[in-house]
Amino acid sequence: MGTSSENNHQHPFQVQVSDQWTFDVDPSDELDIVEVEQGRFHLLHRGLSYQIDLLESNKSEKSFLLSVNGNPYQVHVSDAYDQLIAKMGFENQASQKAKHIMAPMPGLVLEVKVESGQEVREGEALLILEAMKMENVLKAPADGIIKLVSAAQGASVDKGQLLIEMA
């Protein structure tokens, strides 16, 4: 049994930045990136210089909070397996199991956009959390009904704290 060149080909990673931009990154592309110190990097890309600081990482969810030249960005990386699952439509089944909306980082609740008993659609804004001078919109992972809102406007929350429970 021979190996095909397709089996040896590395698939690109898909990088989603702050739910606004999506980029394909091919692992065979050489990036001029140097780790200056732990969690701090210098990147040269297309003649431009970038200072990147790793502020937070959730490796199991492939999600990272980066500061690029002083501007914060939430970054999610999808590998070939994640992209295949999405293409097959299985990611919706996984997101339907996410019934607890937890604080991804410590912060201040700026606005709660839902109330108990309210029906929400996937992607609908549920809550705005301010963390590290950045507003983060937490969205419904799936269609559902708000069972419990345990976060209040103006409240400080800790990372991992339950904010909203969906049914």
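Start by selecting β8 and strand β15 (residues 162-166): three bridges join these two, and they run antiparallel. Keep in mind as you look around that this is a predicted model. Now pick out I101, then look across to β15, where I164 stands opposite.

Together with the pair you already have, they form an open sheet of four strands, in the order β8-β15-β13-β10, with antiparallel pairing. Which strands sit at the edges? Look at β8 (100-102) and β10 (119-120), since each of these edge strands pairs on one side only. If you're wondering what links strands like these, strands of a sheet pair through backbone hydrogen bonds, either parallel or antiparallel.

Now jump to another spot. Select residues 32-37, which make up strand β3, and residues 40-45, which make up strand β4: this pair is antiparallel too, with five bridges. Click on D32 and find L44, its bridge partner in β4. Then move to the turn of this hairpin, where two residues lie between the strands. Which residue there takes a positive phi? Select G39, with a phi near 80°.

Finally, zoom out and show the whole protein chain. You can count three helices and 15 strands.

Methods:
Residues are numbered from 1 along each chain as its sequence is written. This is a predicted model: local features need pLDDT of at least 70, side-chain atom pairs count only at pLDDT 80 or more; totals for chains, interfaces and linings use all residues. Side-chain values use heavy atoms; hydrogens and water are left out. Two strands pair if DSSP finds at least two bridges between them.
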